[in-house]
Amino acid sequence: MDMQGKFIPRAQLDDWLAELAARFRVWTPRRAGQEDSGAVVYLPEARQPELNRKPTESAKRVIFPRSEPLLRFLRKPDPDQTGQKSLELQVPDADGPNLVFGLPPCDARGFLVLDPVYAGVKGQAGDSYYLRRRSQTVLIARACSRALTTCFCHWVGGSPSSTEGLDVLATEIQEGFLLQPLTPQGEEVLDSKLLLSAGKEQMEAAQSAWQAAEKTLGPGADMQGAQEALRALFDNAAFWQAEAASCLSCGVCTHLCPTCYCFNITDEAVGEKGVRLRSWDACMFSLYTQEASGHNPRQDKAARLKNRIGHKFSYYPELYQTRNACVGCGRCIKSCPSRLDIRAVLTKALALSRPAAGKPETTAPATVRPAAKPKVNKPATSKPVAAKPGAAKRGKEASHA
Amino acid sequence: MPDTARRPVFEPSAPNPYLPQVATVLEVIQETHNIKSFRLRLDDEQAWAKFSFEPGQLGQLSLFGVGESTFVINSSPTRKDYLQFSVMRAGEVTSALHGLLPGDKIGLRAPLGNSFPYKELKGKNLVFIGGGIGMAPMRTLLLYMLDNRTDYGDITLLYGARSPQDFSYAEDREDWLKRKDMRTVLTIDSPAEGWEHRVGLIPNVLTELKPSPENTVAVTCGPPIMIRFTLQALEKLGFVPEQIITTLEKRMKCGIGICGRCNIGEKYVCVDGPVFTYAQLKSMVNEL
Ligand SMILES: Cc1cc2nc3c(=O)[nH]c(=O)nc-3n(C[C@H](O)[C@H](O)[C@H](O)COP(=O)(O)OP(=O)(O)OC[C@H]3O[C@@H](n4cnc5c(N)ncnc54)[C@H](O)[C@@H]3O)c2cc1C
Ligand code: SF4
Ligand code: SF4
Ligand code: FES
């Protein structure tokens with residue numbers, strides 16, 4: 001098998017995607033609706049990916065759809081028992097393999113957050129719907145050429161050229177893309193006559209693209225102790241009320257987040273036939289935890305914001321003994337109608353837990369340090385599988401991941 | 001290759017955790033004006049023969065076209081002619097369940113969740129304190145203990161309801177009141193004609209009964225407000241948090257620790273619960 005990196009000229013990209021579409025349902029980030037519409041969403045269309053703008057939504061819908069049928073049911077008159085009806089349950093046919101081209105590396109890392117959840121916890125069964133799709137999905141990310149002001153992947157172990165969870169890393173250079181396989185599945189999809197072998201110059205060009213992108217990141221932050229800091233703040237109602245004051249409980253943050261995964265299960269029926277659906281839900285909605293007795297443990301939005309941030313940086317890493325459940329994609333900041341900034345909440349929480357570290361309660365607390373000198377990715381030469389673009393930046397959180 | 005190893009594997013033969021088993025309603029019992037009990041049995045003979053559960057575990061009942069809701073299995077594993085669920089009318093699914101008749105088909109996902117520590121409770125005295133529909137989860141443990149009577153010490157039951165008409169399990173109650181190997185105390189909130197038992201709120205009656213905490217475990221289930229005051233009363237009587245067991249009713253969906261609905265911090269009521277000791281609740285984030 002050819003382990004070399006490949007190159008595809010920009011003009012040939014659509015041809016290659018079309019070739020892949022014969023074997024996969026190929027998803028690309030594309031403008032929703034009109035040309036001038038702002039939103040970039042993932043669509044099952046193997047052409048003209050929008051790679052100049054960060055997708056508005058995350059790629060999670062490819063593996064965890066907004067709404068999907070869990071089963072179909074049908075009631076039929078039972079010939080043996082007059083008056084009674086028999087019940088037939090069917091599990092919908094599985095869809096075929098998917099491939100995503102052009103997702104940012106943080107979206108791929110998002111799947112690494114969802115994986116342990118859907119694999120099943122504490123001896124429970126795994127989620128067959130998620131696992132089937134996940135095991136058959138090939139991820140080709142494009143390295144980000146620049147960070148947005150809302151990006152903070154480097155706070156949580158990521159980087160604009162992170163390869164974590166990827167099958168192929170694509171880096172835009174000169175007249176096309178350098179394609180580096182990272183898994184056997186990645187090698188397989190790069191086995192195409194349309195692709196050229198990448199040369200040393202192209203490898204070097206990619207390397208400087210990664211470097212340049214690292215430089216566009218904002219200040220870094222040390223997230224060590226976030227778990228304890230949030231737990232210590234649990235009963236500080238005033239803190240959470242102040243932080244949540246502007247929240248509209250619209251749920252946009254959870255909807256766009258690559259690592260938010262909660263869902264609802266509902267039935268829809270017409271006559272004797274129907275379907276049971278699993279659909280995205282949001283812990284930012286007040287009815288989410290409403291109990292039958294009328295009691296609601298998260299009646300106010302402060303409690304709900306506390307749960308969302310607590311889940312990402314405290315409960316999830318505690319339960320799964322792994323990374324934080326946030327990949328720093330910044331969508332919950334960028335698309336929030338009231339610009340609630342999860343970074344600010346975290347920074348304040350950490351500052352309160354480290355009073356000795358400097359000036360607490362400022363907008364730029366002592367925990368924020370200037371970006372570390374960007375470490376450069378190793379050029380992917382003879383053995384790109386072993387090369388680790390993005391491995392350069394590993395925060396403390398990744399060390400116990 | 002570390003990245004491939006990380007991709008979760010899909011086992012095509014693994015069971016689909018969302019697919020309910022089809023069951024048939026054998027009997028419907030009108031317990032109170034808003035509570036009905038349903039006795040049911042799985043249609044698949046093999047699955048039914050293999051089915052087992054422990055006292056305190058849950059089931060998700062499905063009415064296809066309406067939805068799925070969580071209920072505790074309140075029959076005892078020692079009596080395997082049927083599984084019993086008691087359903088209080090609260091909304092959409094529970095109202096539709098109340099329309100079920102014997103012979104109707106229903107979906108069941110069970111057993112889910114943890115159970116009462118019935119093995120660890122051997123040799124202990126038990127005080128059961130139940131309010132309203134909260135008697136349902138305790139019934140399964142109580143029946144189990146009565147069927148294994150010699151394994152346990154003294155058993156006291158304090159069962160309260162708003163009015164005489166709000167008690168469930170008429171047949172059981174008669175038996176419990178008659179039995180010499182347990183003490184049964186019933187109470188209602190305010191006086192009612194013809195009522196021969198206690199009158200008063202559960203925590204107050206409990207304080208009057210003054211059960212000794214010596215080698216004793218208290219099990220309590222009921223509405224949140226009752227639980228709160230019952231816990232206070234128990235602590236005043238000298239029960240320590242490790243000696244108090246309760247069940248929680250957080251809203252649930254998947255029942256298998258995935259959907260995230262039922263969390264209290266990093267704990268999930270559907271897999272870590274619904275049964276918790278008061279000591280465990282105290283170690284969790286304060287969000288009951
Ligand atoms: C672990 C556990 C054990 C339970 N055991 C029993 C039992 O043995 N008997 C019994 O009668 N009830 C029990 N319940 C409560 C029962 O699940 C709810 O009453 C039922 O789900 C309400 O469904 P619904 O469609 O009728 O209500 P909806 O129409 O959906 O809503 C009515 C009200 O119930 C609330 N609600 C909806 N779903 C749930 C839910 N899953 N949990 C709690 N509140 C909910 C709603 O927010 C609303 O306030 C239990 C709940 C849990 C979590
Ligand atoms: S997007 Fe912003 S306003 Fe909407 S629920 Fe999230 S934090 Fe609140
Ligand atoms: S919490 Fe916000 S920044 Fe973190 S992964 Fe979700 S949307 Fe992205
Ligand atoms: S009900 Fe889904 S996690 Fe508990």
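Select the shell around ligand 3 to start: its residues divide into eight nonpolar, two polar and one charged. Here Ala, Val, Leu, Ile, Met, Phe, Trp, Tyr, Cys and Pro count as nonpolar, Asp, Glu, Lys and Arg as charged, and the others, Gly among them, as polar. The shell consists of A:F152, A:C257, A:P258, A:K312, A:C326, A:V327, A:G328, A:C329, A:G330, A:C332 and A:I342; a residue belongs if one of its heavy atoms lies within 4 Å of the ligand.

The model is predicted, with local features needing pLDDT of at least 70 and side-chain atom pairs pLDDT 80 or more, while totals for chains, interfaces and linings use all residues. Residues are numbered from 1 along each chain as its sequence is written, chains are lettered from A and ligands numbered from 1 in the order written, and side-chain values use heavy atoms, without hydrogens and water.

Next, select ligand 2. Around it are A:C247, A:L248, A:S249, A:C250, A:G251, A:V252, A:C253, A:C336, A:P337, A:S338 and A:L340. This shell has eight nonpolar, three polar and no charged residues.

Now colour chain A by domain. Domain 1 covers 1-64 + 96-217 + 371-401, and domain 2 covers 219-370; the bounds come from an automatic or database domain assignment. Each domain of chain A puts 42 residues into the contact, where contact means heavy atoms within 4.5 Å. Between them the two domains bury about 3,600 Å², 58% of it on carbon and sulfur atoms. Buried area is the accessible area (1.4 Å probe) lost by two parts on being put together, summed over both.

How many salt bridges are there between domain 1 and domain 2 of chain A? The count is three, a salt bridge being a side-chain nitrogen of Lys or Arg within 4 Å of a carboxyl oxygen of Asp or Glu. Select A:D127 and A:R278 to see their side chains meet in a salt bridge, at 3.0 Å from N to O.

Finally, show chain B with chain A. The contact takes 51 residues from chain B and 68 from chain A, and the area buried between the chains is about 5,200 Å², with 56% from carbon and sulfur atoms. On the chain B side, select B:R7, B:F10 and B:F64, which lose the most area to chain A, together 15% of what that side buries. The interface of chain B and chain A holds seven salt bridges. For a salt bridge between side chains, select B:K250 and A:E291, at 3.4 Å from N to O.
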